[in-house]
Amino acid sequence: LEERLYRDFEGLPEEAKTLAMMMAVIAKPVTVSNASAIYDGQNLKGALLMLQRRGIVKFNMSEGTYSFTRPITGGIIYRRMPPDIRALCHDRAIAFPGLTHDEQLYHTGRGSNADRARAAMDELISRQIKALMNHEAIQNVLYYLERWNDPAMKLNLAKLYNRTGRYEQAI
């Protein structure tokens, strides 16, 4: 199924692909209005229509939003994006209206500016640890370590594993 869904994505025109990648990064339904804040193509409505005709997105009339037809589609697109393109999409995602502070930190932390990204991830992880959002913090620490391999962050990861009862991974 994953291969088929990705082939459908790959067969799209570039503008529709770009929009689908932005939607995958945002990971929430979009309206024409808020999508225009993150989409730099020339024909947003055309790209949405193309995605809808191909069965990749659906329109929810009651909410006026577009979302992926299958919930796994966004994740498939996201995982297969080249890292540099993914980082640039996160840079643009910061302009998405209505993001919480943590969501802004998340996108900044995965963006292309390494110094800003590291500072944002530090802040996000600290906020998540303080709020006992252990599973989210673990995911972000793992990403952080993959990108920067910081020994102090390894200690945070061990503490988080202990906190969640994953003692063997804490060692």
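Is Arg127 buried, partly exposed or exposed? Arg127 is partly exposed, at a relative accessible area of 37%. Here buried stands for under 20% relative accessible area, exposed for over 50%, and partly exposed for what lies in between, with a 1.4 Å probe and protein chains only.

## Basis of the report

The model is predicted: local features need pLDDT of at least 70 and side-chain atom pairs count only at pLDDT 80 or more, while totals for chains, interfaces and linings use all residues. Residues are numbered from 1 along each chain as its sequence is written, and side-chain values use heavy atoms, leaving out hydrogens and water.

## Helix α8

Helices (H or I, at least four residues) and strands (E, at least two) are DSSP runs, numbered from the N terminus. Helix α8 covers residues 114-130, and its 17 residues should span 24 Å at 1.5 Å a residue; the end C-alpha atoms are 24 Å apart, in agreement with that value. The expected span is 1.5 Å times one less than the number of residues in the helix.

The buried residues of α8 are Ala117, Ala120, Met121, Leu124, Ile125, Gln128 and Ile129. Viewed down the axis of α8, these buried residues fall within an arc of 160 degrees, so they line one face of the helix. The arc is taken from the directions that run from the helix axis to the C-beta atoms. An α-helix has 3.6 residues a turn, so residues three or four places apart point the same way. Asp115 and Lys130 are exposed on the other side of α8. The buried residues pack against α7 (101-109), α9 (134-148) and α10 (151-163), where contact means heavy atoms within 4.5 Å.

## The ends of α8

At the N-terminal end, α8 is capped by Asn113, which has a side-chain oxygen 3.2 Å from the backbone nitrogen of Asp115. A polar contact is a pair of N or O atoms within 3.5 Å; within protein, one must be able to donate a hydrogen and the other to accept it, and residues adjacent in sequence count only if both atoms are side-chain atoms.

Just after α8, Leu132 has a positive phi of about 60 degrees. Met133 belongs to the loop between α8 and α9 and is partly exposed, at 30% relative accessible area. A distance of 39 Å separates the C-alpha atoms of Met133 and Pro13, which are 120 residues apart along the chain.

## Salt bridges

Side chains of opposite charge can pair when their charged atoms come close. A salt bridge is defined as a side-chain nitrogen of Lys or Arg within 4 Å of a carboxyl oxygen of Asp or Glu, and the count by this rule is nine. In one of them, Asp40 and Arg92 meet at 3.7 Å, N to O. Asp40 sits in the loop between α3 (32-35) and α4 (44-53) and Arg92 in helix α6 (residues 83-93), so this pair ties together parts 52 residues apart in sequence. Asp40 is exposed, at 55% relative accessibility, whereas Arg92 is partly exposed, at 26%.

Helix α8 also takes part in such pairs. The closest N and O atoms of Arg127 and Asp102 are 2.5 Å apart in a salt bridge. Because Arg127 lies in helix α8 and Asp102 in helix α7, the pair ties together parts 25 residues apart in sequence. Asp102 is partly exposed, at 22% relative accessibility. Asp150 and Arg118 form another salt bridge, with closest N and O atoms 3.2 Å apart. This pair joins the loop between α9 and α10, where Asp150 lies, to Arg118 in helix α8, 32 residues apart. Asp150 is buried, at 17% relative accessible area, and Arg118 is partly exposed, at 29%.

In α4, the buried residues are Leu44, Ala47, Leu48 and Leu51. Their arc around the axis is only 100 degrees, which puts them on the same side of α4. Lys45 and Arg53 are exposed on the other side. The cover over the buried residues of α4 includes α2 (14-26), α3, β1 (57-60) and β2 (65-68).

Asn34 is located in helix α3 and is buried, with a relative accessible area of 14%. A polar atom of the Asn34 side chain lies 2.7 Å from the backbone nitrogen of Thr31. Leaving aside residues up to four places away in sequence, Asn34 touches Phe96 and Pro97.
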